[in-house]
Amino acid sequence: MKLEFGCQTFTLTVVRKKQGNTYKIRCCKPVDNVLQYSSYSDELNGYTNPDADSGSPVFTEQPENADVRSGATAVFAVSVKPGDGQDVSYQWQSCSGSGWKDISGAEDSSYSVPVASDTQDGDSYRCCVTQMVNNQFFSIVSQSASIRVGKGATGLDLDPVGAATVFDDVTLKAAVTEEFSGADEITPSGTVTFTAVNDLTGDSETIGRKDLEADWTASLNWKPDSAGSYHITASYGGDSHLEECSGSLESVAVGPKVTDFTVQQPQNYQYTGKEVKPDDFGVYDDAASTTKPLKKDTDYILSYSDDCTDAGTVKITVTGVGNYEGSSGSTEFAIVPIELRLDLSADIRGNSDGGKNLLLKAKAANAVDAPKGTVAFQRGDTVIAENIPLKDGTASYQWDDVPNGSYDLSAVYLPSDQDNYSFEETDGSKTTATVEIPADGVKLNRSALTLKAGGAAAALTAEVSPPGSDQTVSWSSNDPGIADVDDDGVVTPVAVGKAKITVTTEDGGFTDICSVTVQEEDVAATGVRLNRSSLTLKAGGAPAALTAAISPSDATDQNVSWSSDAPDIADVDDNGLVTPVAAGKAEITVTTEDGGFTDACSVTVQDGDIPVTGVKLDRSVMTLKAGGDTETLTATVSPFNAANPDVNWSSDDPGVADVDDDGVVTPVAAGKAKITVTTDDGSLTDTCDVTVRDGTWVTGVKLSPSLLTLTAGGAAARLTAAVSPSDAANQNVIWSSDHPNIASVKDGTVTPKSAGSAVITVTTEDGGYADTCQVTVEKSLDHSDDSGHSSSGSHSSSTSSSNPAPAPAAPSDLTDAGTNAAADLTGATMPAGVSRVTFSAEREPVDGGTGQGSDSQGENLFKIVESDSNLDVIGDPVIYNLKLLDQNGVPISGFSGKVTVRIPLPEGLRGTPHVYRYEESTGTFTDMNTAVENGFLVFETDHFSSYAIAGVGDSVTLDTTSYQMAVGGRYQIGVRLTGSKAASVKFHSTDDRIASVSKLANGNYQVDGKGNGAAYIMFDVYDGKNNLLTHASVRIDVKPGVRPGGNPARQYGVY
């Protein structure tokens, strides 16, 4: 066995004598003549430290193996607990395979060995510790420790990285690829450095450092701050055990972070008319713990829902880019409308009717551009006008005919659906205007009223003029015992008689009167008449209104019913409105409730467009003065409802007489020309022969006398023809007799030939004007004189006898050959001396009130009848001058009894026919209680003078049928309502851009020419229940360069 003693080793051979015995061996040697012993050991191949209780030194720390790399220093150290005695001595020994050797100078508790190369790997070192304790020498030896030279690592491996997302943790793990001997016995002490290089930009960044763990790995949690592709490198810088090494990963993909953005709401902006795009609000990663805002254009971009100019809510969409591609968020902000302020003004202006208008103007005080909404003007809570646009920042409206009073006015802005302005009511949008209009008159809606005693009351209405003046009135009756009136103008019939109701204005005391007749009992209906006997309509086209006039006009029960015998062709409603349904014929019947009287209208309903079948001019001849006034021809196209009623005009000699597109004929020079009208549809024609004369020409002729009585075979009589005017160039006339065998004529001398009647006619050569004389030739009466000769004369009373023969009896039935009117003298006795009676019924040729009639008395009567509102006359009256003439042509007066007169019913008479006698002394009319028998008007009279025949009833009358003017021209249309029905007129233009219409204070309707073209002014008459009664219209042609003028013919609508 080997036994170590101190720093020496001894080899001993021990013979074990007996199995199981234990041997303890120690060595001893003399040191400085003192024998020193080693400690005993029970390990034959080792050693044992001295016993602790022996007082010898003891190792408390043994040397450890030194793991180093070449170029490093290996350090060995021991710690000793010394015994009680002298100081401890240290001696380090090395062993490189050939035994232990003391190392010179290595006498400390530690020893450092430079490692030059790996050849020193395995060299062992130990420390011998000696100490003299109680004169006993102790020596102890430490365990040996070796130098282990590290071989280094060939590199690092990085574990692959899976899907990575920016800002999220990415685990990077590096591991040593080759270990060295003893690696499992040491702890690594070096640090691994991780570096990331952006493949796109080339930017390099140290992303972290981590110490090698005991398993020779290093892990790093990396939060990439930018998406992209990266090259990752792990580097180890070396330590006392390992050399430098590194490893890397290629193309580590880091994807963008997809998240919901948290977006702050921007502030709201006031509308300015300019674009607003806020971009200074915060955008945050919704999943991040930090509140640091993201960067615009780097992390996100913005888009806007509109152009960010107009008021409203704008949505902003936030879209991620770069590290946040695929992320999104949104917010919104408002462009707030401007609260528009309006400045209101009210300008009081007078108008042509004597009233007041208010010009209202609302100006936008704070608008930055043109507001899109409209303005409404209000009086308190009542809207005066609305939908008024702002032009150049101002809305204007003229309130016409404003009544008296003080008005609180305001202007309100009404924004459009997408407006940049709201409205804020301010003091500036309100104002007060005070209107003062003095009254200048008052007009009642009725001048006469007929009521039944104890029956229903009737309401009068008063209109104070001008419009807008104080409408306060008071009412009074001159005989409340007959007809009383309350404060509202309601007239109550009390007893039979007549009374006058007076209305008086509070302002100015102006008055108007209504004459009230209170009758005792109901007036029974005696008949009914429609305004049309036939009607042609187009299937599916516009309906037409029929109106019924009950006779008498004051019949108590005015109710009627309507029916059609073929409603599938033409149907009729309760108001007489006929609707064309399908082609065919139908009969519309009206029936009175009182008496069941009927009248019918034959209706023809045509299919499709209705062709023109003819055209007719209103005149076939015309005589004009060269250079004088024009005349207008009127063409009537048949049928009246033809689809294309347009016509063309032409002249065969425009140098004599020219014609324009409206049929206006202009006389140019003396001569003859033919004016032709041609229809567009079918080219149908009619002509008028026009004579143009120079100088003064004939306008009429008058015969005198107009009645003549002669005796057959007796003396001739001379007629005188007066040509008008007296200075007419051509005074020539032509004479003729319709019965020359009874009375012939030559140069105005009438010769009686045989008993009977004849008409002598005189006709002017110029113009063909004519007049007649009614000639009665009586039988000859023979009387013998002293010479035995008979004599004859023109008067039935002529005789030479002292005892005159008795006068022949007057005929009982006389007829006027010219008018077919007749007089029955059965109930009358002629005065003495009248031997022959002639009845004359002359129809006065009045010309619509123009003063051109042949009889000034008849013309005056025409005007009086037409203007008397108490008569309710429809259209133009017919004037007859009735005379009873004796044998000398002298009017008979002073007869007794009554004569029955029969006058043919005038053609075209509308309404219920009446005959009136005018009492010139009192200015009143007497109704002759006329009956209609077999087409004649029959009445009795004891007075012969001028009589008026007129249709009476409910109607509307217009004084014009058509009118032409230039732009800017004006014309007044006269409209008159007649009858007892409470009716009102509503009016409008079919095209206000061509012609507008307004009602004047005088009751007329003013038409203003606005633009070139044609329009119709429509007048619709409604009853108190707003049912349409009838209508009429006036055509207005507005043309450049025309001379104002029109057709003054009256038109009527009867209901």
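## A network of salt bridges

Asp 279, Lys 296 and Asp 297 are linked in a network of salt bridges. A salt bridge is counted when a side-chain nitrogen of Lys or Arg lies within 4 Å of a carboxyl oxygen of Asp or Glu. This is a predicted model, in which local features need pLDDT of at least 70 and side-chain atom pairs count only at pLDDT 80 or more, while totals for chains, interfaces and linings use all residues. Residues are numbered from 1 along each chain as its sequence is written, and side-chain values use heavy atoms, with hydrogens and water left out.

Lys 296 is partly exposed, at 32% relative accessible area, whereas Asp 297 is exposed, at 54%. Here buried means under 20% relative accessible area, exposed means over 50%, and partly exposed is in between (1.4 Å probe, protein chains only).

## Other salt bridges

The whole structure has 16 salt bridges. Side chains of opposite charge can pair when their charged atoms come close.

Arg 836 forms a salt bridge with Glu 778, with 3.9 Å between the closest N and O atoms. Arg 836 is in the loop between strands S76 (828–829) and S77 (838–843), and Glu 778 is in strand S73 (residues 770–778), so this pair ties together parts that are 58 residues apart in sequence. Helices (H or I, at least four residues) and strands (E, at least two) are DSSP runs, numbered from the N terminus. Arg 836 is partly exposed at 28%, but Glu 778 is buried at 13%.

Asp 942 forms a salt bridge with Arg 917, the closest N and O atoms being 3.6 Å apart. This pair links distant parts of the chain, 25 residues apart: Asp 942 is in the loop between strands S84 (936–941) and S85 (946–952), and Arg 917 is in strand S81 (residues 912–919). Asp 942 is partly exposed at 43%, while Arg 917 is buried at 13%.

A nonpolar core is a set of buried Ala, Val, Leu, Ile, Met, Phe, Trp, Tyr and Cys residues joined through side-chain atoms within 4.5 Å. The largest one has 42 residues, and those touching the most other members are Phe 261, Val 283, Leu 342, Leu 358, Val 375, Phe 377 and Leu 409. Apart from it lies another core of 27 residues, including Ala 823, Leu 884, Phe 895 and Val 899.

Ser 429 lies in the loop between strands S36 (421–423) and S37 (430–435). Ser 429 is buried, with a relative accessible area of 0%. Leaving aside neighbours within four places in sequence, Ser 429 is in contact (heavy atoms within 4.5 Å) with Leu 342, Leu 344, Leu 409, Ser 410, Ala 411 and Phe 423.
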